[in-house]
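Student: Hi! Could you walk me through a protein model I just opened? I'd like to start with some side-chain packing.
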Amino acid sequence: MSDLDPPVVLIVEDEPDVAETYKLWLQDEYEVRMAQNGDEGLEMLDESVDVVLLDRMMPGLSGDEVLERIGQRALNCRVAMVTAVEPDFDILEMGFDAYLSKPIRSKQLHDTVSNLLERSEYDTLLQEYYALVEKQATLEATKSTAELAESPEYEELTEDITEMRDGLSETLGGIEDDSDFIATLRGLSTDEE
């Protein structure tokens, strides 16, 4: 994406009314492309796409399969799963950047796309950190405290996040909490530009 071109958002959604709604919400700020299934989405996906809004449950190639193939292409786009499927611990193995549960509102979609574009500017480590924190937040929003406490996957996720934050905190020095951590890394990313 050049500074003159709007960011490109690819919507992969099998429900035409839903896809049109997302397009109407986003088209004033972004170049919006629409695909009605996973195969079409993969055909339309190229280096120019900045954000993919991917329905998880589609006939034919599922959103999970499309996500896996996007990861295999090693493109630099960010992916938000937009779905009615309640997340389970299987999301920990998935390579998405954000998880939106339907129905979603215009502001939520705008905020997600904006945050994903911002994350694209960060280095790989911060992107990995955000992806893990996003998964943790998604599970915490949908699972009970007891379910989380009994899940070895959730425990491992929490340990990974803590370890990543602590390691970076030692490297960067003087970081007391999450907001300090993120602010410091954002500052580093800005300095690197």
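Student: Which residues does Leu45 touch, leaving out those up to four places away in sequence?
Tutor: This is a predicted model, and in it Leu45 touches Leu10, Val52, Ile70, Arg73, Leu75 and Cys77.

Student: And where does Leu45 sit?
Tutor: Leu45 belongs to the loop between α2 (38-44) and β3.

Student: Is Leu45 buried or exposed?
Tutor: Leu45 counts as buried, because its relative accessibility is 6% and the cut-off for buried is under 20%.

Student: How far is Leu45 from Arg33 in space?
Tutor: The two C-alpha atoms are 9.5 Å apart, and Leu45 and Arg33 are twelve residues apart in sequence.

Student: Val52 was among the partners of Leu45. What is Val52 in contact with, beyond four places in sequence?
Tutor: Val52 is in contact with Leu10, Val12, Leu45, Ile70, Cys77, Arg78, Val79 and Ala80. Val52 is placed in strand β3, residues 51-55.

Student: Buried or exposed, that one?
Tutor: Val52 counts as buried, at 1% relative accessibility.

Student: Now the overall fold, please. What does the secondary structure come to?
Tutor: The protein has eight helices and five strands. Starting at the N terminus, the order of elements is β-α-β-α-β-α-β-β-α-α-α-α-α.

Student: How much of the chain is buried?
Tutor: Of the 193 residues, 44% count as buried. The protein exposes about 10400 Å², and carbon and sulfur atoms supply 46% of that area.

Student: Switching to pockets: how much space lies in the largest one?
Tutor: The largest pocket holds about 460 Å³. Its lining has 22 residues, and Gly71, Arg78, Gly95, Phe96 and Asp97 lie nearest the centre. The elements giving two or more residues to that lining are α3 (63-73), β4 (78-83) and α5 (124-142).

Student: Which element gives the most to the lining?
Tutor: That is α5, with six residues.

Student: Where is Ala74, and is it buried or exposed?
Tutor: Ala74 lies in the loop between α3 and β4. Ala74 is exposed, because its relative accessible area is 64% and the cut-off for exposed is over 50%.

Student: What about Leu24, buried or exposed?
Tutor: Leu24 is exposed, with a relative accessible area of 54%. Leu24 is in helix α1, residues 16-26. The C-alpha atoms of Leu24 and Ser106 are separated by 9.4 Å, although these residues are 82 apart along the chain.

Student: Last topic, confidence. What does pLDDT average?
Tutor: The average pLDDT is 85, and 83% of the residues score at least 70.

Student: Where does pLDDT stay under 50?
Tutor: It stays under 50 over residues 189-193, for which the model has five contacts beyond four places in sequence. Where pLDDT is low, the predicted coordinates should not be read in detail.

Terms used
Residues are numbered from 1 along each chain as its sequence is written. This is a predicted model: local features need pLDDT of at least 70, side-chain atom pairs count only at pLDDT 80 or more; totals for chains, interfaces and linings use all residues. Side-chain values use heavy atoms; hydrogens and water are left out. Helices (H or I, at least four residues) and strands (E, at least two) are DSSP runs, numbered from the N terminus. Buried means under 20% relative accessible area, exposed over 50%, partly exposed in between (1.4 Å probe, protein chains only). Accessible areas come from the Shrake-Rupley method with a 1.4 Å probe; for residues, only the protein chains shown count as cover. pLDDT is the predictor's confidence in each residue, from 0 to 100. Contact means heavy atoms within 4.5 Å. On a 1 Å grid over the protein atoms alone, a cavity is a set of points where a 1.4 Å probe fits but cannot get out, and a pocket is an open set with protein on both sides within 12 Å along at least five of seven lines; lining residues have an atom within 4 Å of a point. Grid points are joined across faces, edges and corners, and a volume is the space filled by probe spheres set on the points.
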